[in-house]
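These are notes for a colleague who is opening this entry for the first time. Please read them with the sequence and the model side by side.

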Amino acid sequence: MTISEAGINMIENLEGFREKSYKCVAGVNTIGFGTTIYHTGEKVKAGDTITREKAEIELSYYIKKNIEPKLDSYTWLTQAQYDSLCSLLYNIGSMGKTLKSAMLTKNITKVKNAVMQYNKAGGKAVQGLIDRRKVEVKAFDYRLRVRVFQILTKYLDVDGICGSKTKACIPLLKRGSRGKYVKMVQRW
């Protein structure tokens, strides 16, 4: 599996773009979408600048080289869960023991709890990291969202599985659409 466009967008939105280098909450020189080391191996320095296009290249390069190989063996993940873990690993740098142990269980609740523990910088919980982890764990609530859809749709068994009957009931939403399904998507 590889990160999707939605996953790249998630990281870009959570990181934000900075054209000029700055010190992140951990005190490390950072630029673009959270880059601390360029693909050349050179560390970001104070005074560096970058274009958005080059920042996107750095982001993609880092994910392909440093994150996707770490997630290759977790074939049980959905695309949204994979994207979410790419976001987490991009932010924290590596998979710690807590997350590795949870991933080996394939237990979604344990994985979500492990993700939420990565909320500190310099040993202190940081509200921005807490908020980011909440966004990342929402990707693991797939079955809950399917159940909500099934409840809103008449004649479907509520099992949290997006089988053929559920897929057949999924409405096409387009510009100008209205109603309960639009409201549901907007909330998510």
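1. A term first: a residue is called buried when its relative accessible area is under 20%, exposed when it is over 50%, and partly exposed in between (1.4 Å probe, protein chains only). By that rule Lys45, at 40% relative accessibility, is partly exposed.

2. On the source: this is a predicted model, in which local features need pLDDT of at least 70 and side-chain atom pairs count only at pLDDT 80 or more, while totals for chains, interfaces and linings use all residues. Residues are numbered from 1 along each chain as its sequence is written, and side-chain values use heavy atoms, with hydrogens and water left out.

3. Overall make-up. The protein chain has nine helices and four strands, where helices (H or I, at least four residues) and strands (E, at least two) are DSSP runs numbered from the N terminus. Their order along the sequence is α-β-β-α-α-α-α-β-β-α-α-α-α. Along the principal axes, the C-alpha atoms fill a box of roughly 60 × 40 × 30 Å.

4. The protein chain has 188 residues, and 36% of them count as buried. A contact means heavy atoms within 4.5 Å. Among contacts in the protein chain with a separation of 6 or more, 44% come from residues 24 or more positions apart.

5. Surface. The accessible surface of the protein chain is about 11700 Å², and carbon and sulfur atoms account for 54% of that. The areas come from the Shrake-Rupley method with a 1.4 Å probe; for residues, only the protein chains shown count as cover.

6. Strands β1 (residues 18–23) and β2 (residues 29–32) run antiparallel and are joined by three bridges; strands pair if DSSP finds at least two bridges between them. Arg18 stands opposite Gly32 in β2. Five residues lie between the two strands of this hairpin, and Gly27 in the turn has a positive phi of about 85°.

7. Where does Val44 lie? Val44 is in the loop between β2 and α2, and with a relative accessible area of 4% Val44 is buried. Beyond neighbours within four places in sequence, Val44 is in contact with Ser21, Asn29, Thr30, Ile31, Thr35, Thr36, Ile37 and Tyr38. Ser73 is 29 residues from Val44 in sequence, and their C-alpha atoms are 31 Å apart in space.

8. Salt bridges. The structure holds seven salt bridges, each a side-chain nitrogen of Lys or Arg within 4 Å of a carboxyl oxygen of Asp or Glu. One of them joins Glu42 and Lys45 at 2.6 Å, N to O; Glu42 is partly exposed at 41% relative accessibility. Glu15, Arg132, Arg133 and Glu136 are linked in a network of salt bridges.

9. Arg52 is partly exposed at 42%, and Glu56 is partly exposed at 30%.

10. A second pair in helix α2. Lys64 and Glu68 are also four residues apart in α2, about one turn of the helix, and their closest N and O atoms are 3.3 Å apart in a salt bridge.
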